[in-house]
Amino acid sequence: MSLFDYFRDRKKPASTASMAKERLQIIVAHERGQRSQPDYLPRLQQEIIDVISKYVKIDRDQVHVALDNQDDCSILELNITLPERL
Amino acid sequence: MAKIIVVTSGKGGVGKTTTSAAIGTGLALRGFKTVIVDFDVGLRNLDLIMGCERRVVYDFVNLINGDSNLNQTLIKDKRSDNLYILPASQTRDKDALTQEGVEKVLEELKQTFDYIVCDSPAGIEKGAHLAMYFADEAVVVTNPEVSSVRDSDRMLGLLSSKSRRAESGEKIKEHLLLTRYNPARVENGEMLSVSDVEDILSIPLLGVIPESQAVLKASNQGVPVIMDEQSDAGQAYGDAVDRLLGEEKPHRFLEAQKKSLLQRLFGGR
């Protein structure tokens, strides 16, 4: 590191506080999103998985249930990836 | 009408008990009849911070179970005639607290006290839930540090969904109290600033308590830090109590103390 860099670094320390703030904003927004979902969502997901597994062998991770609230209308989004046919 | 204030945080070690002791004492010194209730069953510590650990005879669980009455159980503070402490049980576990039992005791306390300060245990389990369930106002104690801020946000979510007020469509009045704040580190970009934390949690700021040697000194002696009126932390808690009572006061101790050249040379504080 040159002498010049030494002075430049001292003037502008990399702020760990701003990293902390950025990370917090992301995780907190994510967790608030989950919080606003109704309690029954995990059970709903489980029952959907149970029904589908009666007919097709699927992976738990391949089922996504999400509830979106837009103004006065809620959208239940169901996304199931079926296994490839052999 | 009695007000129930819960001091909560989610995360442990951020200063809940220190804050409960300070706020409770501050309210009592301002003339309000106040009781501080320790909800940390199994790990009671409020008695030590308040300096009345050797006067505990009966506790919260005894009171709930009817083994003792209110007069026998409450400990009167030696410093203020308006201040009482209700100690937690040290030998029982959390399940000894029931919602009906807590409600009954709080209703009884409401008859005689202006303020009931509930010192919540860490975590989000039964003790913490019951400490906040009946609250009218909440002081959310937060350190300028990632895990504490996240836990506080989680706690805010619980306050607005799993409390009696929330269940009846009302709102608990929320206050942010930022503790262990180090302005010098904030200026160096090493610590989240007051406005950073306010931005993330977006609840009104009750006060900022600077990281201070006075806090440890006070707890060593069993004296609430608010009694140390010479100290920065004591004054900051005093301001916070005034704001809790509706006074508007500017926030202090947000800037780092500049050291003079002589202080730097000789390492003085």
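**Strand pairing and chain B**

Mentor: Start in chain A: Asp68(A) has Ile75(A), in strand 2 of chain A, as its bridge partner. Strands here are DSSP runs of E of at least two residues, and helices are runs of H or I of at least four, numbered from the N terminus.

Trainee: In what sense do strand 1 and strand 2 of chain A pair, and over how many bridges?
Mentor: Antiparallel, over 8 bridges, with strand 1 at residues 63–70 and strand 2 at residues 73–80. Two strands pair if DSSP finds at least two bridges between them.

Trainee: Which residue in that hairpin takes a positive phi?
Mentor: Asp71(A), near 50°; the hairpin has 2 residues between the strands.

Trainee: Before I go on, what are the ground rules?
Mentor: This is a predicted model, so local features need pLDDT of at least 70 and side-chain atom pairs count only at pLDDT 80 or more, while totals for chains, interfaces and linings use all residues. Residues are numbered from 1 along each chain as its sequence is written, chains are lettered from A and ligands numbered from 1 in the order in which they are written, and side-chain values use heavy atoms, with hydrogens and water left out.

Trainee: Switching to chain B, how many helices and strands?
Mentor: 13 helices and 8 strands. The radius of gyration of chain B is 18 Å, close to the 18 Å from the globule rule for 269 residues, so chain B is as compact as a globular protein of that length. That radius is taken over C-alpha atoms, and the rule is 2.2 Å times the number of residues to the power 0.38.

Trainee: And what box do the C-alpha atoms of chain B fill?
Mentor: Roughly 65 × 40 × 35 Å along the principal axes.

Trainee: How much of chain B is buried?
Mentor: 54% of the 269 residues. Buried means under 20% relative accessible area, exposed over 50%, and partly exposed in between, with a 1.4 Å probe and protein chains only.

Trainee: Where is Arg180(B)?
Mentor: In strand 7 of chain B, residues 173–181. Arg180(B) has a positive phi of about 55° although it is not a glycine, and is partly exposed at 41% relative accessible area.

Trainee: What about Phe253(B), where is that found?
Mentor: In the loop between helix 12 (232–244) and helix 13 (261–266) of chain B. Phe253(B) also has a positive phi, near 60°, and is partly exposed, with a relative accessible area of 23%.
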